[in-house]
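Please keep the sequence and the structure in view while reading.

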Amino acid sequence: MTTRTRNRLAAAGLAGVLALSACGGGGDDDGPVDLRMTIWTANDAHLELFNEIADAYIADNPGVASITFDPLPFEKYTSTLTTQIAGDNAPDMAWILENAAPDFVSSGALVPLTEKLGGTEGYDLDDLEPATTALWEADGELYAYPFSTSPFGVFVNNDLLTDAGQPTAAELRESGDWNWERVIEAAAAVNDSTGKAGLVVRDFDYTGWDNLSTMWAGWGAQAWSDDGTTCGFDQPAMVEAMTFLHEAIFEQSALPGPGSTADFFAGDSAFTITQISRASLLEEDGFDWDLAPLPAGPQGEYSVIGQAGLGVLKLSKHQEEAADFVAFMTNPENSAKLAQFFPPPRASQLTAETLGQTNPLLSPEQLQSVVIDGIATGIVKPSHLGQAEISETVRAQLDSLWTADADVAGVMSQVCQAIQPLLD
């Protein structure tokens, strides 16, 4: 069986696995319990903070013996989590990526949290911004806490731009040239004069296609209509956006081509599109860097948000303890600590002053323009019921786009032919 076949089978089975998990677990332990949470990050700074919060909880809750954070690879996070669920190895708690939210929420696989969070002293559930909770709610019930509501921005290596004779990010913004056409031009110049990569869309790597929404949204393009029923890949805005991207890769060499990699945080590219949680990868004595909002597209300025929800699985044998820890981990005090890496959903904490206390690397202007303004105006990355199967189908259809002589409009049409039945 090929890897692609395995991926497709895993995608097709997600809904069934989640429906099965909705049956629930239930407790069967009398003594202190061990809790496990799957997460997508193995970053040492993130884990240190999580463990600090867990240790504080355990110290005051003798009914919990340990809390383990289980990092899963980001690029196959949902499929690995689903495999654990299907293999009778479900975690008690899990981060859920935005593209899987509709499946997890609608399937009944998650424990309702509204009563628990709302009834926890000092929690202030009403402080959560409604726009951040919408993806995680059904029929007025909250099924996952919007753990991270993080707009995408562009980290910039000003040293590489200067070496290539290009303006810095600040100079481009001051001159009104912070737009995709000018950024791609600068990225191509960096590659041509230094041999370093120009722009890297982090976590894309020619497979994670939904991360390209951070570019195509600037053209007003959508993967599908707002109601999820009509494919948008073959629409003029998407064809124009993907043609721009294709030319940037294969004609201008502004992005590394298929099979090539470059790590911005190691100084190997001029720009990277990612979220502020990656700022922890910056070296204190490294290159001169900046953080800017996404460049303007033909449709003007815009923002795209990635979300992660923290939920308790019904298959957990320790639902009560897990929900109680979620309430503790996401209370106002700990939310403020987590804001160092993961922008909070709490309105009271979405200020440059509050975020600056835990993000000393970022200036108030960066926090305001990228994070606060981005949350206020941003759209969430594509998500849909049956996302796993849809996502794998789109990825397979886009394979033929990543060649120099690809027919962009033709490929986009093929994508819609393949996924329209799934949208229906």
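The expected span of a helix is 1.5 Å times one less than its number of residues. In this predicted model, helix α11 covers residues 236-250, and its 15 residues reach 21 Å from the first C-alpha to the last, close to the 21 Å expected. Helix α9 also agrees with expectation, because its 15 residues should span 21 Å at 1.5 Å a residue and its end C-alpha atoms are 21 Å apart.

The buried residues of α11 include Met238, Phe244, Leu245 and His246, and what covers the buried residues of this helix includes α9 (180-194), α10 (213-216), α16 (387-398) and α17 (408-423). In α9, the buried residues include Trp180, Arg182, Val183 and Ile184, and their cover includes α7 (158-163), α8 (169-174), β8 (197-201), α10, α11 and β9 (269-274).

At the start of α9, a side-chain oxygen of Asn179 comes to within 3.3 Å of the backbone nitrogen of Glu181, while the helix is followed by Gly195, whose phi is positive, near 80 degrees.

Most residues other than glycine have a negative phi.

| Residue | Phi | Loop |
|---|---|---|
| Asp203 | about 70 degrees | between β8 and α10 |

Asp139 has a relative accessibility of 85% and therefore counts as exposed, whereas Asp203, with a relative accessible area of 30%, is partly exposed.

Key
Residues are numbered from 1 along each chain as its sequence is written. Side-chain values use heavy atoms; hydrogens and water are left out. Helices (H or I, at least four residues) and strands (E, at least two) are DSSP runs, numbered from the N terminus. Buried means under 20% relative accessible area, exposed over 50%, partly exposed in between (1.4 Å probe, protein chains only). Contact means heavy atoms within 4.5 Å. A polar contact is a pair of N or O atoms within 3.5 Å; within protein, one must be able to donate a hydrogen and the other to accept it, and residues adjacent in sequence count only if both atoms are side-chain atoms.
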